[in-house]
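Colleague: Please take a close look at one part of this model, the interface, and then place it in its wider setting.

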Amino acid sequence: MEKSNLQTAAKPVAHRRKHYTPGGIIWLIVEYASLIFFGLCAVIPVISCVITAFKTEEEYRSTNVMTLPESWLNFDNFVKAFQAADMGHAFLNSVIVMVCVLLVSVIIGTQLAYVLNRFKFPGNGLIRNLFLFASLLPSVAMQVTVYQIMTNLHLVNHLYGYIIMMCGTDVISIYIFIQFMENIPVSLDESAIIDGASYWTIYWKIMLPLLKPAIVTSCILKGVGVYNEYYAANLYLQKKELHTIAISLYTFVGPMGSQYNLICAGVIISLLPALIVFILCQKQIYSGIAAGAVKG
Amino acid sequence: MAATVSKTKNEKKPFHFMKWAKSRKGQQVLICIAFMVIPLLLLFTFTYLPFGEMVKFSFYKMKYSTPVDKRVFVGLKNYIDVFQRDDCFGALKLSLYYMVGAIIQLVLALYLATILSFKVKGGNFFKGLMFFPYLISGIAIGFIFKFFYTRGFVFDTILQWCGFELENLPYWLKDQSINNWSLVATSVWRYFGQNMVLFIGAIMSVDADLYEAAELDGANKFQQFKHIILPSIRTIVTLNVILSITGSLSAFEQPFVITDGANGTGTYFVIMNDIAHTSQKVGLACAMAVVLLLIIFACTILQKLFFKYVFRDAESDDESYKAKKARLAAEKAARRSTKKGVA
C-alpha cells in the first residue's frame, strides 16, 4: 500500500478507442447523472448558505430560503457578521496559532523523523510505537484529563497554552516525514560525513531542503486541521479576545440564533480561506490525504 | 578525514566528556537527545500523562475543582455505573447508525472513485465539489445543517420541488425516528469525498496496461471494476471498513455541533463530554472513556490480526499479477488472465 501512495504521479487510464455500444451509452448517462447528482448533494447545503447570506433581513423573512436574493452585491450581512463575531481579531488569532503550530510541528516533526529514521538505538521501535499508540486515543476522550493538566500548568486561556497543546498532538505529519525520508538515500548522509559535516548540518542543509514536498503536504493538512479545530479551542480559549475563527462562530449561538442570514454570512466568511487554499493546492491536499491514510 | 578532524579537536579539548561529545558516537547520542526531548516531552504531557490520570480518576468520585485530598476512592463503582446507567452504555447503540452510514459512505465513495478514475469530462471539478465538505470546520457544518434541516427551509424546499407535501415531512432533527439518520447523512456528506480521494489514489496506482488490455478485449466497465479495480485496492478498502468501525464507536462531532445530543441523538462521547464538563462527574466520564478505549483497542488488535491475513494474501496476489503481465505480453489474452487473477 505504501508503494501505491508513493506513485502520486497519476497514470492516465488508457482509452485508445471509443466505441459506443448501447450499453456504453447507458453507462455514460448513469456516470454523468451520478456525478451531477452527488455533486449537487455536496454543494447544495453550502449554496443555500451563500444564497441566504446575500439576503436582507426583510427578504430573509418574506421569501423561501431557496429563492435567489434580489441583489448579489448586498454585502451588509458579511459586514455585520464580521463585526458581531469580531472576526478580524479571530482571524489574527487563527493566523498566530497556525503559524506557530506549523512552525513548531514542522521543526520537531522533521527532527524526530530524522533521528528515528537515521539512527538505530535501543528504544527506537518503542518510541515509534508510543506515537502510533497515541494516535489511537480519541482526542475528545483525552480532553477530559488534558483539561485538568492544562489547568494545573496554567495554560488555559492563553494563546500560547493552546499552541503548545496543538503541537503535542501530532502524529500524522511525523509519519509523512518518516515515510518520505526512507526514500532519501543514506549515501547522501555518508558522503556529507566524509566531508566533515556534523549531524546538525546534515539535518539542516540536506534533509530539510529535500523534505520540502513532505513539509508542504503536512503543513496543508495540519493547517486545515488547526484552522478548523474547535473542540479544544472552545475548552481552552474561553475569553472572547482569544477566539479563533472556528469558535468565533459560537457568537451566533443564543440571541442571534435564528438570524440565519447573518449566521450564513459568518459561515461563508469562515470557510473562504479553506476554499482559497483548496483551489490553490488541490494536488498537495489529495496526495496528503493518501499519505495520511498510511498511519492506520 | 572525519577521523582526523575529531582527532585534532580531541587534542584541543583534553576533558573526557568533551572528547566523547566530539566523537561521532557522542555526537549521535547528543543529536538524538536534542531532537527527541521536546516531542517526547509533549507526547508525555498531553497523551500519556492524561492517559494515566484518566485510568486513575476512573476509580474516584471527584470534580475538576475537588482538591486532591477530598477525592473519594470508590473502586469499580464508576465502571459498574457505566454499564448500568441507561444514558451511558446504551448510547453505544447509536453507533450502529453510524456504522450503517459508514458502509453507505464507503460504497458511495468506491462507486464515485471508479467513475472518476475513468476518463470523465469535468472529473476534476466534480472531485473538488465532492471533496470540499471535508475542509469545512465542524462548527460551520453545525450551522449549515441546522439551517438545512430547519422546518420549511432548504431540505424541505427541495423535497417539495420533488413533489412531497410539507405536512408529510418529519421534523428532521426533532423526530426521534429519523433524527439520527439525519445526523448520519451529515457525516456521510462530510467524509465521502475524502474516502473517494483515497480510493482514486489507490486505483490510479494500478498498472494502466491492465485496463487497456481489458478494454481491447471488450470488457465493459463493470467487468473492469470487478476484475481489476476491486482486487487491487482490496487492502485499502478493508482498512477503511475497519477504521469506520472504530470511527462509529467514537462518533461525536455531528451530534455535538448540530443537535447537542438532544432528542435521543447523544452518542457515547457526547454523553461523556456532557458528564465531564457540564455535570463535572469526572470519575464517571473517565471510566466511560477507559471502557471505550478498551473496546477500540480490541478492535485495533482484531484489525492487526486481520491485516496479517490480508498481507499474506496480498503477496500471493502480487505473484499472480506478475505472471499475468508476462502472459499479457505473450498472447494478449487479457480476459483470461484477469479472471485467473481473481480466482
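**The interface and its surroundings**

Modeller: Across the interface of chain A and chain B, 13 residue pairs are in polar contact, both residues being at pLDDT 80 or more. A polar contact is a pair of N or O atoms within 3.5 Å; within protein, one must be able to donate a hydrogen and the other to accept it, and residues adjacent in sequence count only if both atoms are side-chain atoms. On the side of chain A that touches chain B, helix 2 (residues 22-53) of chain A gives the most, with 18 residues. The residues of that side divide into 77 nonpolar, 19 polar and five charged. Here Ala, Val, Leu, Ile, Met, Phe, Trp, Tyr, Cys and Pro count as nonpolar, Asp, Glu, Lys and Arg as charged, and the others, Gly among them, as polar.

This is a predicted model, in which local features need pLDDT of at least 70 and side-chain atom pairs count only at pLDDT 80 or more, while totals for chains, interfaces and linings use all residues. Residues are numbered from 1 along each chain as its sequence is written, chains are lettered from A and ligands numbered from 1 in the order in which they are written, and side-chain values use heavy atoms, with hydrogens and water left out.

The contact (heavy atoms within 4.5 Å) takes 101 residues from chain A and 99 residues from chain B. About 9400 Å² is buried between the two chains, and carbon and sulfur atoms give 77% of that area. Buried area is the accessible area (1.4 Å probe) that two parts lose on being put together, summed over both.

One residue shows the contact in detail. Thr145(A) is found in helix 7 (residues 139-152) of chain A; helices (H or I, at least four residues) and strands (E, at least two) are DSSP runs, numbered from the N terminus. Thr145(A) counts as buried because its relative accessibility is 1%. Buried means under 20% relative accessible area, exposed over 50%, and partly exposed in between (1.4 Å probe, protein chains only). Leaving aside neighbours within four places in sequence, Thr145(A) is in contact with Pro50(B), Glu53(B), Met54(B), Phe57(B) and Cys286(B).

Helix 2 of chain A returns in the packing of chain B. The buried residues of helix 9 (residues 154-161) of chain B are Val154(B), Asp156(B), Thr157(B), Ile158(B) and Leu159(B). These residues pack against helix 2 of chain A together with helix 8 (138-149) of chain B. Just after helix 9, Gly163(B) takes a positive phi of about 100 degrees.

The setting is given by the two chains themselves. Chain A has 16 helices and zero strands, and buried residues make up 52% of its 296 residues. Chain B has 17 helices and two strands, and 51% of its 343 residues count as buried. Among contacts between residues at least 6 apart in sequence, those joining residues at least 24 apart form 70% in chain A and 66% in chain B.

In one of them, the side chains of Asp189(A) and Arg118(A) meet at 2.9 Å, N to O. Asp189(A) lies in helix 10 (residues 186-194) of chain A and Arg118(A) in helix 5 (residues 87-118) of chain A, so the pair ties together parts 71 residues apart in sequence. Both Asp189(A) and Arg118(A) are buried.

In chain B, Arg190(B) and Glu253(B) form a salt bridge at 3.0 Å, N to O. This pair links distant parts of the chain, with Arg190(B) in helix 10 (residues 179-204) of chain B and Glu253(B) in helix 14 (residues 253-259) of chain B, 63 residues apart. Arg190(B) is buried, with a relative accessible area of 7%, whereas Glu253(B) counts as partly exposed at 22% relative accessibility.

A further salt bridge joins the side chains of Glu57(A) and Arg61(A) at 3.4 Å, N to O. Both residues lie in helix 3 (residues 57-62) of chain A, four residues apart, about one turn of the helix. Glu57(A) is partly exposed, with a relative accessible area of 27%, and Arg61(A) counts as exposed at 65% relative accessibility.

Terms used
Salt bridge = Lys/Arg side-chain N within 4 Å of Asp/Glu carboxyl O.
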